[in-house]
Each structure stands twice: as C-alpha cells, then as structure tokens.
Amino acid sequence: MDQKKYPFKDRDVNWLSFNERVLQEAEDQSNPLYERLKFLAIFSSNLDEFFRVRVSRLRQIKKIDKKLRKKLALKPNKQVKEILQRVKNQQERFGQIFHRQLIPELAKHNTYLVQETNFDFNQQAFVTEYFISKVLPLITSEIVDLSKPKSVFLENNKLYFLVTFEEQDSFGLINIPSDDLGRFVCLPTKNNNTYIAFLDDIIQLNIDQIFDNQKIKGSFEIKLSRDAELYIDDEFEGVLAEKIKESLSQRNDGQPTRLLFDSSMPKEVKKRARNFFGLGKIDMMPGGKYHNFSDFFSFPDPTNNPFLHYPPATEIKHKSFDNNTDYFDVISKGDQLVHFPYMSFDYVQNFIDQAATDEWVTEIKISLYRVAKQSELTTSLLKALENGKKVTVFVEAKARFDEENNLKWGKIFEEKGAMVFYSYPKIKVHSKILLINRKQKNTIASYAYIGTGNFNAKTSQIYCDHGLFTSNPEITKDLIEVFEVLSSKMILPRPKNLLISPFTTRDTFEKLINTEISNAKNGKKAGIKAKLNSLEDKSIIKKLYEANAAGVKIELLVRGFSCLIPGLEGISENITATSIIDRYLEHGRIYYFENNGNPKLYIGSADWMTRNLDKRIEVLVPIIDDNCKHELIQILHIQLNDNTKARILDFEENNYYKKKMDEKPSIQSQYQIREYLEERHSPKSTLSKQYL
C-alpha cells in the first residue's frame, strides 16, 4: 500500500490525543467539581493501562532482530520517545489543572486537601494516632542494599516511598497500604470546613517512626507499571482456559514498562534507583508528588453537596416493555431497541429472568465477555438451570483484566449443569449475544438479544450502548449458527443477514462501501455515517479514502483513536471526524449506509479494527424494523450534530471543540438524546419536536 497516497496515523500516538480529550473534561468548568476530579482519575487509569499494554507491546517489538524490524518498517524506539514526550507534556498539564484549578475550587467550597507540612497541632495529633493505630500495622518496610540490584520486587501499580539516608550504600522502601485503608483520610472538621489528607502524607509525617535507627535524608513516592499482556507460549497445546488461569500470576510479575517518580528526586538518587531496579532511561517517567490519581474516583465529599456532582439521572421507561410484563409477547409483535444508560439494564435481566421460569422455554444461550462479580443476570441463569432449562454459556477467558472472574463464573455454571465453552486459540469472542428457544404452536420459536455492550448492569450505567430484542427468523436463524460455531458444532457459518467476524464482516463492509462508491459515481444518493470506538484497519481506511475520491460524503464519530486523517485535499476532503467525551463513555457502534435513499443500518460489537474484523468473533445485526431504524438514525444524527462536547479530529490533533454556528442551537448530544427518548417513549408521545 502506498503510504504517501494513503496516509495513516500511528494508533498509539493518536490514542494520547484521545486521553487529552479526557483531560479537557477535567479543565471544563461547566462540569461539576467532583466530576472534574473523576476525569483526572479516568485520565490516570487510562494512562496506566496504556503503559501496561501498548508500551509493553512496543518493548516486545524491540526484541525483534534489528534487520527484520527495518524490513517491516517497525520503529519502536522512535514511537516510545514520542509517546514519552507527549505523556510528559500531558502530565504537566494534569498537574496545573489539579493544583491551580481544582484545589482552589475545593477551597471555595470549604474543602481543603491538607499536606503534611500544613497540619496544625490538632491535625498532627489526629494523624499521628491514626498512623499508630491504623497504618503502622499494615506497613512493610525494608532497607535495600544497593550492591544487590533487583533483590526487591515492586508490585504492579502499587505505591511506595523510596527513602534515602545519609549513608548512600542503601535506601529504604515503604509500601503505602491504600488498598486496605483507602487513599484519603477525613480529618476533624473545624469552623464548618472539611479537611482531607492523603494517606501518603500521614506516612510522610511519621516516617521517622518506621526507620528510627536511620538518619533520613529524603523520601519520594514511586510507582512501577508492569506488562499486562499474558504471553502463552503455545496456545494450541492443552486447555486454553487452564493456561490462562495459570498465567494470571504473570500479570504482577511482568516486565517493567514505567517507573513513575516524584520529579523532585535528586539526579543521583534517580540514577541509583534506575540501576537497582534494572531499568533503562526510557523507563523513567517524572511525575508529581502523588501518583495513582485513579484513586480520585473515591475522593470523599463529606458535605454531600449535590451541586458538586452530576444531577441524578432518571431512567427512561421503555414504552413497550413497561406496558406489558410478557417480554415474549412484546418482542413477537415487533423488534425493540434499548439504550443505555438512558434506560435500565433491567430490561435485559428481566428477559432472562422470565425465560428462567417460563414453562415453554427450553434453552438459553449466551456469550459473556465481562461477567459481573455478582448480578441478577447470573442469578437468573442459575435459576434456569434449577428449573431444568438447557443453558449454554460461552465465557471469554481472555477478556483483559477480567480473566479470573470470568473463569470463576465458568466453573460455577459448569458445576450447576450448564454447557460451558471457553476461548478459542488465537481468537477472542467479543460478541454480545443471547438466544432463547421457546415452544410455541407445535414449533420452536427463537428470541434474540444482540448488543453493543457487555452483559453487565454496572457498566451499563456509565457506557452508552444499544441493544436489539428480536424474534425475526431472518436474524435468529443466523444467530443459531453463531452459537453452533461457539460450541464447535459448525466451522463456517453462512449468515444471510448478520455480519459475523471473522467470516463475513470485512467482506460485507467492503461491499457496502463499494455500493456507496458506485452510487456516487452514478449520481445516486450516497453517504456513510459511522459511530465507533476506534478506527484502525488500513484496508477499511483505504476503502473510505476511495469513497472520498468518488464524492461520497463520510461522517465519522470516533471516541478513541483513529488512524484515518480527515480533511486532506485530494485524499479525504469529503470526510469529517469528531469525537465526543462527556458524562458517559460512548461505546455503541452504529454503521449507516445511504444506499440510494434506502438506508442500511447495523449495530453490534465490532469496531473498524483489524482485530474486530479478522481476529475476534463479533456479531453485528441489521436494523430491519422501520420504527427501530428511525429511532437509531435520530440518535446518530443528534450525535453527529453535537456542538458542545464534540471535538474535531484533524491532522494536527489539536482537539478543537466543534464550533456552534450562530443560527444553530447548542446541542449536547447525551442530554438531547435523553430528551428525544423521553418523548419517544412517553405514553402520549407525538414527537412534534425536531431533533435533527
């Protein structure tokens, strides 16, 4: 492929632009104060995972023979250097937001984050007692002999103090037990003011009690991130699920990818620490005094001030399901869409629960990618087994960071009598699908649910996703084949309507794009609109560039990273791309093809990424029902017209906000979608208001 003719952005570098948009939300004064703190927590959590997964991957590439790297045009060193510089700049901005904006804002609301140097007499007495009674029993400290490098193991993403002494042949290490005590401690109130301290500062104040026989020179907070990928030497030997279970311990033992340290650490101390832990210069990342800002998800608000948080969001009642408790009756009369978090995940859980007790239901089949630790859904599946239903569960054993919990539930379901299937070698099952078989009129009728998000009630409250309930035989017949593949009863499905990766999704998308190209060349209506999490597959991007050259107008809404460069003259001038970061995490995938005025519309679990098209089992479903199609198109159009939280994705990666035209109203799509759904599902809905 000609790189000059078809330019692509580096996915890892561009991902940092996505995380910068999260940082923008922490800066945005229109967001409530505590929500801005949470965006800092999201930024920090995202960055930790990025280093554990993506940067660790680049480090693995560095191990490839240099000649082969050159032949494959792989430049991991250059990428890592660019990544580290961008991260450094973002962390400096992060510090300015925290110290110059959010700390003063907290003070305006009589909440003070007190450092150890500013404790007054009473506060010192309180934290000293707290340290002795609560903290000290959980402290693990040791003095490290610097002549014995790598003799101490730092746990992944745990906080420590590195302590220096007058004698330079050793230093001390102290754990910060925030997992046990929480990161923040509320101090006694005074004059109606709230005072909060970092657990770190309480330890700092009392650090002499830990090393009472040493003359302490300095102490500096550090955190080591380790490789999060599970490297299974040969996936084709033995039971894959068991291998993954055995490999989970590697996650904490993985190769170091970043040592985050207090930037006030002297140069000579930094050098000694780097040599002792066996790190390269590129692994050292200066930061602020405090690390692990993901702990700000639980930053206390003893005042319970509602104005410092998003207002509570009421759940929209689904017109059809709320007027009829018999879900089979509702779905048999027509397809139904649900939208999270605007609607309750209970609609999915209630459907499974009804199936568990319905005397005519014979079988339930479901794929679980991220299983909740405990939920009504899993309880209903166990109830179905107790009631003699045949239950088949496909558990993805390679869902990153959820492997252990998924395997635990797989074992529980097996013990209760379910047929449980696990991951395939070299492929993940990422689809969000449910199939229920029911006896009706001397035949077996099938009911299905296909979604863009996981079967997880907790994440459905913060992830924007869509799900389709249907009993349309054109859909359920294809879904039966998907489960035949998952249970190893079929090798190659032949779906007529569903898009199934890695079998038909890529080819179908390319045909759909080719149709738009042909229509544009022949003067017919043509256009492509797509909402997705990430855009990376070079073949799809090339097709979109070809569609651009044919005059197809393309509107993209990409939450995360995108390797496509829009707005380039002669290459992508007909392509626009925006990204929305707001109260909820945009997670749904919607694909729209104009098709000469008869639009084709799909939702499902797959992004336009190579892994989703070729290396995972994914399912996308066509929206056939006219009411559902209208509803989803309205939602897509609202989001594409967002001019409040949408950022423009361009070559320079400036993340400029999309400007509102003077004659246009302000549109903040997540709130406008709520208004639209409230009116659409109102019992007296007329939908007189225009939402496009």
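Residues are numbered from 1 along each chain as its sequence is written, and side-chain values use heavy atoms, with hydrogens and water left out. Because the model is predicted, local features need pLDDT of at least 70 and side-chain atom pairs count only at pLDDT 80 or more, while totals for chains, interfaces and linings use all residues.

A pair of aromatic rings is described by the distance of the centres and the angle of the planes. Rings of Phe, Tyr and Trp (its six-membered ring) pair if their centres lie within 6.5 Å; planes under 30 degrees apart count as stacked, over 60 as edge-to-face and the rest as tilted. The structure holds 39 such pairs. In one of them, the ring centres of Phe 509 and Tyr 591 are 4.8 Å apart and the planes stand at 55°, so the pair is tilted. Phe 509 belongs to helix H17 (residues 505–521) and Tyr 591 to strand S23 (residues 589–593), so the pair ties together parts that are 82 residues apart in sequence. Helices (H or I, at least four residues) and strands (E, at least two) are DSSP runs, numbered from the N terminus. Phe 509 has 0% relative accessibility and therefore counts as buried. Tyr 591, at 0%, also counts as buried. The term buried means under 20% relative accessible area, exposed over 50%, and partly exposed in between (1.4 Å probe, protein chains only).

Phe 509 also pairs with Trp 608, in an edge-to-face arrangement with 5.4 Å centre to centre and 85° between the planes. This pair links distant parts of the chain, 99 residues apart: Trp 608 sits in the loop between strand S24 (600–604) and helix H19 (610–614). Trp 608 is buried, as is Phe 509. Elsewhere, ring pairs link residues into a cluster, among them Tyr 34, Phe 94, Tyr 290 and Phe 299.

Charges over rings were examined next. The criterion is NZ of Lys or CZ of Arg within 6 Å of the ring centre and within 35 degrees of the ring normal. The charged end of Arg 258 sits over the ring of Phe 51, at 4.3 Å from its centre. Arg 438 places its charged end over the ring of Phe 328, 4.4 Å from the centre.

On a 1 Å grid over the protein atoms alone, a cavity is a set of points where a 1.4 Å probe fits but cannot get out; a pocket is an open set with protein on both sides within 12 Å along at least five of seven lines; lining residues have an atom within 4 Å of a point. Grid points are joined across faces, edges and corners, and a volume is the space filled by probe spheres set on the points. There are five cavities of 30 Å³ or more. The largest cavity has a volume of about 110 Å³. It is lined by 16 residues, and Lys 9, Asn 14, Arg 21, Leu 649 and Asp 650 are the closest to its centre. Helix H1 (residues 11–27) gives the largest share of this lining, three residues.

The second largest pocket has a volume of about 440 Å³. Its lining counts 23 residues, with Gln 91, Phe 94, Gly 95, Gly 287 and Gly 288 nearest the centre. H4 gives the most to this lining, seven residues.

Asp 28 lies in the loop between H1 and helix H2 (33–62). At 18% relative accessibility, Asp 28 counts as buried. Beyond residues up to four places away in sequence, Asp 28 touches Arg 36, Lys 645 and Tyr 657, where contact means heavy atoms within 4.5 Å.

Helix H10 (residues 267–277) has buried residues Val 269, Arg 272, Ala 273, Arg 274, Phe 276 and Phe 277. Their cover includes strand S2 (141–145) and strand S3 (159–165). Just after H10, Gly 278 takes a positive phi of about 70°.

A cis peptide bond joins Phe 340 and Pro 341, with omega about 5°. The bond from Ser 501 to Pro 502 is also cis, with omega near 0°. Asn 157 has a positive phi near 60° and lies in the loop between S2 and S3. Asn 655 has a positive phi of about 55° although it is not a glycine. With a relative accessible area of 2%, Asn 655 is buried.
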